[in-house]
Amino acid sequence: MADKFTVLITADLTDQGLAILQGSDDIDVQKVNPANMQALREKLQTAHALIARDDVVIDRTLPPAGSPLCQGC
């Protein structure tokens with residue numbers, strides 16, 4: 001198991017919601033601009049969770065094989 005779980009955020013969260021995530025000792029919060037697909041793909045290689053906006057299309061091909069998000073892909 002990882003020392004910290006990486007949570008990738010492509011959405012605008014409230015300050016309160018973001019503070020809850022950032023205040024956890026076992027969560028590493030990383031923000032990424034969803035318009036930058038290359039950066040999104042790179043960050044997804046190590047992400048354990050994804051918080052995305054409705055307009056961000058996430059399908060089975062986006063998380064790379066072998067990434068924590070792609071269990072069973």
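Local features are reported where pLDDT is at least 70 and side-chain atom pairs where pLDDT is 80 or more, whereas totals for chains, interfaces and linings use all residues. Residues are numbered from 1 along each chain as its sequence is written, and side-chain values use heavy atoms, with hydrogens and water left out.

The protein chain averages a pLDDT (the predictor's confidence in each residue, from 0 to 100) of 85, and 89% of the residues score at least 70. Confidence is lowest in helix 2, with a mean of 88, and highest in strand 2, at 95. Where pLDDT is low, the predicted coordinates should not be read in detail.

Two helices and three strands were assigned in the protein chain, helices being DSSP runs of H or I of at least four residues and strands DSSP runs of E of at least two, numbered from the N terminus. Along the sequence these elements follow the pattern β-α-β-α-β. The three strands form an open sheet in the order 2-1-3 with parallel pairing, where pairing requires that DSSP finds at least two bridges between two strands. Strand 2 (27-31) and strand 3 (49-51) are the edge strands, each pairing on one side only. Neighbouring strands of the sheet are turned by 25 degrees against each other on average, direction ignored; axes are lines fitted to C-alpha atoms, for helices over the stretch in contact, and angles run from 0 to 180 degrees between N-to-C directions. Strand 1 (residues 5-9) pairs with strand 2 in the parallel sense over five bridges, and Thr6 stands opposite Asp28 in strand 2. Helix 1 (residues 15-22) lies across strand 1, strand 2 and strand 3, and runs at about 135 degrees to strand 2.

Of the 73 residues of the protein chain, 29% count as buried, that is, under 20% relative accessible area with a 1.4 Å probe, protein chains only.

Among contacts (heavy atoms within 4.5 Å) between residues at least 6 apart in sequence, 37% join residues at least 24 apart.

Methods
Buried means under 20% relative accessible area, exposed over 50%, partly exposed in between (1.4 Å probe, protein chains only).
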